[in-house]
Amino acid sequence: MEVEISRRRFLQGSVALTVVGGTMAGTTALFSEEEKASSASPRVPKTVTTKTGTGKAEEIPFLCGMCVNKCAGFARVEGGIITKLDPNPYFPKSRNMLCPRGNAGIQTAYDPDRLKYPLVRIGKRGSGKYKRVSWEEAYDAILNGTKLFKGLKQILDEEKDNRATIGYCNGEGLSKEGFETLVGQKLGSPNYVDEVSICLETAGGGFFATLGVYPEIDFEHSDYLIISGANRAEAIITPDTMDMFKRTKGRGIKTVCIDPRFTNTAAKADKWLPVNPGTDLAFVLAMTWVVFNEKLQNEAFMKKYGVGYEEYKKHILSHKYTPEWAEPICGIKAKDIYTIAREFMNAEAPVYYPGRRSIFSPNDYQLRRAMAIFQALSGNIDKKGGYIYGNPIILPPEYVNAPIYAQAKPRFDTEGIAFPTLKSGSWIVFRNMILEGKNPYPVRVMMMRKHNPMMSVPNTAKTRKFLEKMDLNVMIDILPSDTAMFADVILPEASYLERTSPVKSYGFLEPAIVQRKAAIKPLYETKEPEVIFKELAEKLAKPLFEISKKYDKDLQEQIKLRGEEKVFEEDGWNLADAWEKPVHEKNKEIVEKAFGPKAWEILDEKGVYYPHMEEYHKQLNPNEFQYYPKNRRFYSTMGDKKRVICKYDHLATRGIDPMPTWHDEWKFSVPEGKFRVITGRHAQFTQSGTTNNAMLRDLIPTNYLWINKGVAKKMGIEFGDMVEIKSEVGQGKLMAYPTEKIAPNQVFMLHGFGSESRGLELAYGNGANDAAILKDDIEPVFGAAVMHSTNVEIRKV
Amino acid sequence: MAEAVTNEGIVAKVKAFLATIPHNKITLRDLLNYPKTPVNNFIALLTVLFLAFFVIGVGNYLIHGHEAYGVTREHPWGLLIAVYIFFVVSSTGLCIVGSLGDVFGFKDFEVISKRAIFGSIVTILSGFAVIAFEIGHPIRMLIWNVLTPGLRSAIWWMGTLYGLYLTFMIIEFVFLLKHDMRRAKIFGLIGLLVGLAAHSNLGGVFGFLNTRLISQGVFYPTYFILTAFITGIYLAFIMMGFRYRLNFPENIRKMLVGLAKIQGLLLAILMFFETWKMMTAIYGGVPGRSDVAEHILTTWPFWAEVLFGMLIPFLIILKSKGQNVTGMFWGSLIGMVGIFFMRYDLVHDTQLKPLQMMETRVYQLPPEWVHYTPSVTEIMISLGGLGICILLYYIGTKLFNLDADTEH
Amino acid sequence: MARYGMALDYKNCINCKACEVACKEENGVLLGADKHRIWVGVNEIEGVWPNLSITSSSFLPSQCQQCDNAPCEEVCPTHATYYDENGVVRVDSDKCILCSYCMNACPYDARYVDDRTVTVDKCTFCSDTRLARGLTTTACQNTCPTKVRTFGDLDDPESEISILLKTRDHFSLKANLGTEPKLFYLT
């Protein structure tokens, strides 16, 4: 009796309206009929959802990969099919919960649009024309190229073994370090960019510079909360989201939400103050002024731990950062600023929530510094109910035997940046300098994994040009993303439910180590990332060694001294030696070495381990668990070591304000007739990677443009009307959502939609891509992307 | 073996019984043999078209299931339910009209008894034909209605009683054909009572909906009987109009004038009821009822119901004090259009107010009024029901003598 | 034999809809905007920017109210809708004729048509999945980030839910209809 309700039919039913036309690009495109048919292999369920059974089943611990949080769960596997993902009650970080995305992870694993086989490009870049090849052929194409593109061997030969000609990028994830090992350490490329410079780099940086930590919050004991910009009800972070909202709404934590938009977080707050985008710094400075002016601060605490504290006090008072000064800048009434500052300082355990969100304004680094100092003024740091430093479990470090490439040049993406980050650089500066020809040597290769800069780095037009400029693009991913469509070789990876990942340590207050175990074997012809790294390393090692031998004088010297074989093995030129053991075996080795065999047994069975877990962990009621008894939690760990760096002189050496200072160029203004576009999240989507997820798309069919109701009425725009959004760098079309929840001069759109990859049945042509509209502005400290600086025009179409 | 013999025996008995029922021997040729006037040709063509619609509509339903219909989670009952009610109300109405003569002994109305009773059989069969494709599992219904009867369910009573009603109507009709007026009267009375019970239960289906305040309560069960009578009289005019091509013999005319006078009274009562229903609903101020009632006043099908179903026929009757029977023939055709909207409104208005007034999707307008548009398939099956009705009636006029037996 | 009910600490709800997804995955519910057993309701926010009413926009997680006096059960002509041994309102899809009367009678919009069986479907408290496997939580309760729901036996005075209902104020939805829901909203 059961009939299959296909994704296609579902699409026709509820989403067809939002999907614009376009047929597959011929039979050589990614998904011919034949390939579709084989998706019905035994391990892939026939229906979108599968009712769980009552018979035999395995419960395999996994770590969620739908976003960056790494919540723990158990995958229920019945007859080789994952039928359900359940939360893992042992992990203190995710506290026995999975969010909607976590629950919908099955749909990502069984996405019929998955990359199933290695592919080599046979058409024009971006045309989506690929040929299915064997893994060996794919590796060979990376090394030797094809008629259409050059391989690594030729490129490195032409570049005289300058390994910096290879650029690489990788999105967040547990196998990210392996990819860094492969391309960075083993292949010798310094040119690495990742999600950090398009995410929260300044938040982490600002807090580290000020307090030496990007703290965790003890919501269980705090009683006053200012949450600005961060939208914890919709951008779910564990354990913050779970802990916070159990105590809002008059149940312990008085909450002030500062956000230009009325978010679900605002809906849970006691007070919502719509701030002008990018002006939170003025709000914090004014509150700081109130505190100093009325001597509300914990003077003893600051005297003891503050660095440059008196100067900061003088700085704030002398600049006259009064609430009256701030009101016209940030749009928050002076009266409210006074009240909040006083309430905050009078509270028992107040918290100015430190993060976490992308960078919205160029002053974000200073904002974070000001927030951290403001928090410190209450003295509520390194203690119950406050900012927590905690005591993370340290896993033994791993050593990679990396060869030294004498010909490799250093990275160059430093233009306009005060403190370039050596490790992950700045996406925008790296890309733009190459596009503008400011790179000191050619960058000709992009090795990419699990990263979609076409939809995540502001100014998609430039990213497209950047990718087109490369001689060789390689992508390792699970879905044919917009960026994958620019790859010459695509290597299909196992999704997070099909792979065991390197063991990881999480948490400060209640630390634990966790392991993601493969729930099922890799589907289709996909492989686990570490297997791909190893095989690719094996393939490349000898031929590229030959090239180094040709150009690398140091290497020639060493070979002369010690013999080729010895140098190859001992100096790390054998690229594959970093993956000698499979991940699971390596995890076992690490954990047994650090915590003993019993620990490994627990970890392997439950997915989680921490010292005394068997003794500490117990169920308190149907919904709650104790992970650590209260007296064993790491509330206060810093003692006298903590510092509050109010004045950071080092910053001044590179032209950055050593103390948070307001500059009027940051004032918010929008020309008449235009709108400031702001972006953000809903709980049902993470990034572009989740917009092809059938389950989640069922909840939110497309990204709508929030526009103020009154303004929309004047413009004749109604709910569901198609509108064009246009900035100086790009445009898009999406449906309108007139609402009172946004200011008249602003519009909001959900990030991650508007894919142009025809391989993504549900995501293709659906909604608008915010990255295509946002200007590629950077902030001055790290060169990280600023997301809320773009003005747009809106037109009904 | 013995069983088979018995079965054969029963079959033979039934055959023998059927042979005793007076009827004309007809062939397909007889059916096609009608006066080829433009009007007749048009009706014949329309009937064939409607029957074709029925086949196409049902085919589409069998392939696509309920997705071929415009019904939704919020509006699970659609056009087919309205059409079903339209037919069974017609049936009950004709039963009442038919009973005036042969059950209650009003001599003047005996001339229409047989025709009306046959009409009631035809209309209910058409109704069943339509509802069979609205209910998801009609066969299953027959089984479980008997095995696990839901005695607290108005739908169970309605369905079961209508089944019985159909049986009694057929029996009554057979006795009428056989001039057995005594038995006809007995079964007519039982049939009428069962029919009235069934019909008020149909009203009860809506009346029991405690969460649908606009329909909940005593109004519909009683109003259903009233409107059934009205519908029966409209149909009596239509049937007689066609039978005598508007050239009514005196006895028929006399009967129709009588019916028109009754109709005038009934319409007056209906309008009175309807007015007070809306008044109490609106001025009662109860959320879920007053807002719905106010909204109903802004919808055109409501005014179609009032205008066609009540006002125009009422004015025709009033103007000639019931004497203008030809006018009432046309008035009755208009009246039946109104009656259709009355049924449609009943079904649709019951479901107007969403039970979920909150937004359950991140991007949606706040729920306001539930919208429903019948799908092409639903419209086809509905018209098909009308086609079946006309065809069965036409066959009946050929097969049986539906006129009153002159000598008795 | 238990009498299962659910207490909802609805103020915890952040409208993330994890419950809806968990329910669909656990019970193999079809996709489609109309096909949900459980949901979170939100009222359109009142006020004009920036003076919005925070309280007007609270989140109300909901599903079948598992009434003790269920209108859907009463109107079913074939007893396809029945109370199971644990007081859970269930639908026997072999008996359901899809007359849709129950969908019209349910005050909570908790019923919909499953396109596979062409019968009415609804929340079962995971009776045929999780509870049948001996688990003591429903999928929606178990996955909830902020732990809105507590599921349990109302007849057991020691159960968590019984204690919650004894110690905390609560209300039921559309209580005036006399449906006696076994879903309780904690205040």
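The following questions and answers concern a predicted model. Residues are numbered from 1 along each chain as its sequence is written, while chains are lettered from A and ligands numbered from 1 in the order in which they are written. Local features need pLDDT of at least 70 and side-chain atom pairs count only at pLDDT 80 or more, whereas totals for chains, interfaces and linings use all residues.

User: Over which residues of chain A is the pLDDT below 50?
Analyst: pLDDT is the predictor's confidence in each residue, from 0 to 100. Chain A averages 92, and 95% of the residues score at least 70. Where pLDDT is low, the predicted coordinates should not be read in detail. The stretch of chain A with a pLDDT below 50 is residues 1-42.

User: What radius of gyration does chain A have?
Analyst: The radius of gyration is taken over C-alpha atoms, and the globule rule is 2.2 Å times the number of residues to the power 0.38. The C-alpha trace of chain A spans about 70 × 70 × 60 Å along its principal axes. For 797 residues a compact globule would have a radius near 28 Å, and chain A agrees with this at 26 Å.

User: How many helices and strands does chain C have?
Analyst: Helices (H or I, at least four residues) and strands (E, at least two) are DSSP runs, numbered from the N terminus. Chain A has 29 helices and 31 strands. For chain C, the secondary structure comes to five helices and 12 strands.

User: Why is chain C described as being as compact as a globular protein of its length?
Analyst: Along the principal axes, the C-alpha atoms of chain C fill a box of roughly 55 × 40 × 35 Å. The globule rule gives 16 Å for 187 residues, so chain C is as compact as a globular protein of that length, its radius of gyration being close to that value at 17 Å.

User: Is Asp128(C) buried, exposed or partly exposed?
Analyst: A residue is buried if 20 or more other C-beta atoms, placed from the backbone, lie within 10 Å of its own, exposed if 12 or fewer, and partly exposed in between. Asp128(C) is found in the loop between β9 (119-121) and α4 (139-143) of chain C. Because 17 other C-beta atoms lie within 10 Å, Asp128(C) is partly exposed.

User: Which element supplies the largest share of the side of chain C that touches chain A?
Analyst: Two residues are in contact if their C-beta atoms, placed from the backbone, lie within 7 Å. The contact takes 44 residues from chain C and 53 residues from chain A. On the side of chain C, α1 (18-27), β3 (47-48), α4 and β10 (149-153) each supply at least two residues. The largest share, seven residues, comes from α1(C).

User: What distance separates the centres of domain 1 and domain 2 of chain A?
Analyst: Domain bounds come from an automatic or database domain assignment. In chain A, domain 1 comprises 133-199 + 397-493 + 528-579, and domain 2 comprises 214-388. Taken over C-alpha atoms, the separation of their centres is 42 Å.
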